[in-house]
Amino acid sequence: MNEPLELLVEIGRHFAATLDIEATMSLALKRIAHLMAAEGGALFLLEGDLDGGQLVCRASHGPVDVRGLSIPAGTGIVGRSVANNAPEMVWDVQNDPHFNKSLDKQFDFTTRSILCVPLSVKDEILGALEMVNKSGGDALFTQEDLTLLEALAGSAALAISNARMAGELAEKEVMRRELALAAEIQRGLLPAPAGEDFPVCGVNRPARVVSGDFFDYFTLYDGRIAFTLADVSGKGMNAALLMAKTASLFRCLGKEDLRPGRLLQRINAEVCETSLRGMFVTMVAGIYDPTTGRLVLANAGHEPPLLHSTDDQFQALEATAPPVGIPPELTGGGPVPEEVIYLEGGSLYIFTDGATEGYVEPGVELGADGFKAMVQSGVAAGQSAQTRIDAIADCLTKDGVVLRDDITVLVIDDAKPLQERLKRGDNTALKVVKRDQAMGENGEDSVFEGSLCALTVPARAESLKLVRRAVSETSTACGFSHEQCQDLVLAVDEACQNVVRHAYGGGDRGGQGNQSQGDIAVDLRREKGSFVILIRDYAPAVDVKKIKPRDLDDVRPGGLGVHFIREVMDTVEHLPPPDGQGNLLRLIKAI
Amino acid sequence: MEINISQQGALQVVAISGEVDLSTSPKVREALLSCIKGAHGVVVDLSAVSYIDSSGVASLVEAFQTAKTKGLGFALAEVSETPMRVLKLARLDQVFVIYPRVDEAVAAMA
């Protein structure tokens, strides 16, 4: 075998064995320079386009190491070879108009002759191989030299192209793995299903590996359940990252701020502190009380949740504020307005537009009506809430139908109507939560802090049974005697009655207050050896001076309630309510 | 809450059981007032009342007053512990005519 062929085979073997192009090329240049008696050689690779890019030296052999040398593509003899995708054999370099003399000066070198061949695969130009200064004989590169260099350039170009593709593949594989990890972490941000009896459940189907949607829920100390569902604009990694941030904020702030409207305000303030690059989050947050079916909802720019009542009616609850991510300066920055709903045995569906705009079959959207129909048929078939929403997600993720957007649905299922709860009487599952006395005093919601039991009920005669039950259990837990407990139950009942009858003005003798007229919030606390009861309403302020106990010698119906309260309690005080709205009564009894 | 009305001679005996509160006291009031219209006297059996609030007490007071103006007898009987405690709080244990047992009330008022 002749020497040039042997060299080509050997270098070809090197290329096949390694993806380290630069090391192989350094060796190849050395061997080929020796073979054709050239003083030096260099490999130039094109970075960027022919127009405006650079030719950068990646391997060199000879008296001067020119690795890292970068010249504008299209300049010099090597540039001409690359631009024309044609070899150059220049015997008298110094007289070539394209020759860059400044480089010789820079490297203290005299270039006499150049042999240059372009590196290309199909139509893609990768760079060029250049040999300089043939010595011996007439010192002129020959056609044989050119053929040898072209043969080397052919296998080098292929090797470079392969190495680049391998690099891209490896990079893609790394990306794919990272994305899969991100998706796993993201799924971990969703709450684990809490079981059949738990009234809140959700489903999330990402359109891509990661999702811009999320939902979450958790039980608060007093048995109420905080929940949220949100949709970050966009679907890619950036949306997923903003989703993770928003979800964390909800988890964190949602445990300390029990007002969904103010919670969304605070999340917005936090989110707006980071650069959003035009992204925003439509978000619903709320708190549901499984004991009473009462639900407080705040909606920042999200698709209207659907309330499905037990008489099969749907009601859409429109958003009342712009999405999260709109700077507070632009919107005035107040809390998102809240809406109070009594589910009364119905269900609340919160979903992203991916659910209503998803395809049931190619080109056919489920639509709001389709969504409602699926809810109705699920309820009619006696399906659990989880089964109902899984069915909706399933019908949108059939094989062959491309998911255009993430699908997320959350449902709050108030299985037991309020009246049924109240009728259950003594079996009412009231959670009496014992907490440490020393709770933080910060936050306007201190009404509910450090409490043994807190509940909010509609101001109706029918709610009082529930309040009595709560007082009875809590006062018993505090160690009061049976008689004292009975007295406390009576006092709180009477105080709540006054709210129903006088503050909200429902029914002259009571019992007619069937229409809801606002709420009563009762908070039962143990403070410094005393049992403290806070009763809050949201009615117009009552003139305290007009409230007086009846004269007991005057035997006539009515007017006894205030007397009972003062007789039973050690202290009865009307306090200014925390936010100036409604009335706040504090009753204290030493334990 | 349940109300059972029985005739014992010329008297009506109104037996109330369960919780008498803001939501149920209107029924108690209605039952008592209608009994007063068609009877010579009314005995209210409170033995099975587990809870009574001011609105329930007010119903009793109103019925008592109505009976009085018509010259009819009105008495409470077998007042269980819880309603008795409430009547005492209202100092009404001294106002109402209270018998330990229903049959005693019926015998006394006949």
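Helices (H or I, at least four residues) and strands (E, at least two) are DSSP runs, numbered from the N terminus. This is a predicted model, in which local features need pLDDT of at least 70 and side-chain atom pairs count only at pLDDT 80 or more, whereas totals for chains, interfaces and linings use all residues. Residues are numbered from 1 along each chain as its sequence is written, and chains are lettered from A and ligands numbered from 1 in the order in which they are written.

**View 1. Chain A contains 15 helices and 23 strands.**

**View 2. Helix α3 of chain A, residues 76-84, is mostly covered.** Seven of the nine residues of α3(A) are buried, among them Ile77(A), Arg80(A) and Val82(A). The buried residues of this helix pack against β1 (38-47), β2 (54-61), β3 (70-72), β4 (88-90), β5 (114-121) and β6 (124-134) of chain A. After α3(A) comes Asn85(A), which has a positive phi, near 50°.

**View 3. Five strands of chain A form an open sheet with antiparallel pairing, in the order β8-β9-β10-β11-β14.** Two strands pair if DSSP finds at least two bridges between them. At the edges stand β8 (213-219) and β14 (338-342) of chain A, each pairing on one side only. From one strand to the next, the twist averages 15°; axes are lines fitted to C-alpha atoms, for helices over the stretch in contact, and angles run from 0 to 180 degrees between N-to-C directions.

**View 4. Strands β10 (281-289) and β11 (294-300) of chain A pair in the antiparallel sense over seven bridges.** Ile287(A) has Val296(A) in β11(A) as its bridge partner. Helix α6 (237-253) of chain A packs on the sheet and touches β8, β9 (225-232) and β10 of chain A, its direction making about 160° with that of β9(A). Helix α7 (260-273) of chain A also packs on the sheet, touching β10, β11 and β14 of chain A, and its direction makes about 150° with that of β10(A).

**View 5. Where chain A meets chain B, 24 residues of chain A are in contact with 20 residues of chain B.** Contact requires that the C-beta atoms of two residues, placed from the backbone, lie within 7 Å. On the side of chain A that touches chain B, α13 (464-477), α14 (482-503) and α15 (561-568) of chain A each supply at least two residues. The largest share, seven residues, comes from α14(A).

Note on methods
A residue is buried if 20 or more other C-beta atoms lie within 10 Å of its own, exposed if 12 or fewer, and partly exposed in between; C-beta atoms are placed from the backbone.
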